[in-house]
Amino acid sequence: MSTSNFKNKCVTQVNCIYCDSLLCMRGMKAVLLADTEIELFSTDVPPNRAVDFVASCYSTESCKCKLRDIACLKCGNVVGYHVVLASCLIIRKVQPFHILTEV
Ligand SMILES: [Zn+2]
Ligand SMILES: [Zn+2]
């Protein structure tokens, strides 16, 4: 269980699942820790101009990490989340920005 396999994965551009606008250029395929059935892309680069933060921080049920939803600026739908505060080991291993690829 290391992060090495993460680096081997192809970096790709990620589009909004709702309106198909380009969200980020450096997406890496990942799996959401809490719910492994959700497929998403993670990135270490803030998807500026394409998304904006919505609402306030919240925590997951499984840990005390703080997350914040991000929404597509073009269509307004929530397309992922940003890890504001990573307090557990699992979440520290992944990139700070997560973009959903399926609803
Ligand atoms: Zn959109
Ligand atoms: Zn956590």
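Read along the sequence, the protein chain runs α-β-β-β-β-β-β-β-α-β, which amounts to two helices and eight strands. Helices (H or I, at least four residues) and strands (E, at least two) are DSSP runs numbered from the N terminus. This is a predicted model, in which local features need pLDDT of at least 70 and side-chain atom pairs count only at pLDDT 80 or more, while totals for chains, interfaces and linings use all residues. Residues are numbered from 1 along each chain as its sequence is written, and chains are lettered from A and ligands numbered from 1 in the order in which they are written.

**Confidence**

- The pLDDT, the predictor's confidence in each residue from 0 to 100, averages 80 over the protein chain, and 76% of the residues score at least 70.
- Confidence is lowest in helix α1 (residues 4-8), with a mean of 50, and highest in β6, with 93.
- Residues 1-6 have a pLDDT below 50, and this stretch has two contacts in the model beyond near neighbours in sequence; a contact means that the C-beta atoms of two residues, placed from the backbone, lie within 7 Å.

**Burial and core**

- A residue is buried if 20 or more other C-beta atoms lie within 10 Å of its own, exposed if 12 or fewer, and partly exposed in between, with C-beta atoms placed from the backbone.
- Of the 103 residues in the protein chain, 25% are buried.
- A nonpolar core is a set of buried Ala, Val, Leu, Ile, Met, Phe, Trp, Tyr and Cys residues joined through C-beta atoms within 7 Å.
- The largest such core has 19 residues, and Leu-23, Val-51, Cys-72, Val-79 and Ile-99 touch the most other members.
- At least two residues of this core come from each of β2 (22-31), β3 (39-43), β6 (66-72), β7 (78-85) and β8 (97-100).

- β7 and β8 pair in the antiparallel sense over three bridges; strands pair if DSSP finds at least two bridges between them.
- Phe-97 in β8 is the bridge partner of His-82.
- In a regular strand the side chains alternate between the two faces of the sheet.
- Phe-97 and Ile-99 point one way from β8, His-98 and Leu-100 point the other way, and all are buried.
- Pro-96 lies in the loop between α2 (89-92) and β8.
- Pro-96 counts as partly exposed because it has 16 C-beta neighbours inside 10 Å.
- The C-alpha atoms of Pro-96 and Val-45 are separated by 8.2 Å, although these residues are 51 apart along the chain.
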